[in-house]
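Subject: Handing over the structure

Hi there,

Here is the structure I promised to pass on to you. Have a look at it first, and then read on for what turned up in it.

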Amino acid sequence: MTLDHFLLQKEILIDAAGWSELLLGVVIGALKPPDRRYMERRIPTSSFQQPNFKNKRYLQDAVKIASEIIEVMRPDEETRFKVSTAYVLSGVCKYLQNRGFKVEKVEDTGELHHMVERGYVRWCSEVGVPEEVLTDKKRFWAMLKWVAEKPRLRECLVKTGWASWERKWRNEIFKPADLPG
């Protein structure tokens with residue numbers, strides 16, 4: 001057995017949550033074991049609304065966050081970044097590699113994924129999404145129903161850049177309620 005089996009590998013894990021969710025943007029988190037330094041940042045909802053969505057602004061925002069991660073966590077040339085395969089992080093991998101870092105794409109970031117998911121849920125709570133909506137097993141439908149209760153007020157919280165939003169879901173939330181009479 002060689003000595004390198006006993007040395008801790010320097011690494012920083014990066015993951016994201018919220019990409020497939022109806023509401024808000026995306027939370028990106030980074031964790032630096034073993035000292036457990038954690039940071040998270042948010043890609044704003046506006047990056048998932050037109051014209052920003054069409055221009056893939058969220059990819060640029062993710063790279064800006066990667067730049068902040070480097071600044072805050074101060075990796076050296078021995079640090080390996082383990083980056084989730086989430087599409088929103090695809091530009092992050094290229095950015096880090098271009099900066100000379102070792103990058104490994106990973107399917108599972110373990111504890112970090114749960115931390116980032118909690119960050120996304122916390123953001124939803126901050127804007128008034130009720131807990132029962134956030135804990136519903138079919139969260140997309142619960143979020144859609146919640147937006148439909150006050151569509152003019154809540155549509156600004158939706159990722160409206162999705163083609164399916166204009167084609168289908170927007171019509172669903174603006175359907176007239178059963179009118180008296």
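A word on burial before anything else: a residue counts as buried under 20% relative accessible area, as exposed over 50%, and as partly exposed in between, using a 1.4 Å probe and protein chains only. This is a predicted model, in which local features need pLDDT of at least 70 and side-chain atom pairs count only at pLDDT 80 or more, while totals for chains, interfaces and linings use all residues. Residues are numbered from 1 along each chain as its sequence is written, and side-chain values use heavy atoms, with hydrogens and water left out.

With that in hand, take Glu-155, which sits in the loop between α6 and α7. Its relative accessibility is 15%, so Glu-155 counts as buried. Apart from neighbours within four places in sequence, Glu-155 is in contact (heavy atoms within 4.5 Å) with Gln-49, Val-147, Thr-160, Trp-165, Arg-170 and Phe-174.

Now the overall picture. The chain has seven helices and five strands; these are DSSP runs numbered from the N terminus, with helices being H or I of at least four residues and strands E of at least two. Along the sequence they follow the pattern β-β-β-α-β-α-β-α-α-α-α-α. Of the 181 residues, 45% count as buried, and the C-alpha atoms fill a box of roughly 80 × 35 × 25 Å along the principal axes.

Next, the sheet. Five strands make an open sheet in the order β3-β2-β1-β4-β5, with mixed pairing; two strands pair if DSSP finds at least two bridges between them. At the edges are β3 (37-43) and β5, each pairing on one side only. From one strand to the next, the twist averages 20°. Angles here run from 0 to 180 degrees between N-to-C directions, and axes are lines fitted to C-alpha atoms, for helices over the stretch in contact.

Helix α1 (residues 57-73) packs on this sheet, where α1 touches β1 (11-17), β2 (26-32), β3 and β4, and its direction makes about 155° with that of β3. Helix α2 lies across β1, β4 and β5 and runs at about 160° to β5.

Strands β4 (residues 80-84) and β5 (residues 102-106) pair in the parallel sense over five bridges. In β5, Lys-105 is the bridge partner of Val-83, and Val-103 is that of Phe-81. Together with α2 (residues 90-98), β4 and β5 make a right-handed β-α-β unit: with the strands pointing away from the viewer, the path from the first strand over the helix to the second runs clockwise.

How do the axes of α5 and α7 cross? The axes of α5 (residues 139-149) and α7 (residues 163-173) come within 8 Å and cross at roughly 60°. The two helices are therefore oblique to each other, the class left once angles under 35 degrees (roughly parallel), over 145 (roughly antiparallel) and 65 to 115 (roughly perpendicular) are set aside. From α5, the contact involves Phe-140, Trp-141, Leu-144, Val-147 and Ala-148, and from α7, Trp-165, Trp-169 and Ile-173.

Happy exploring!
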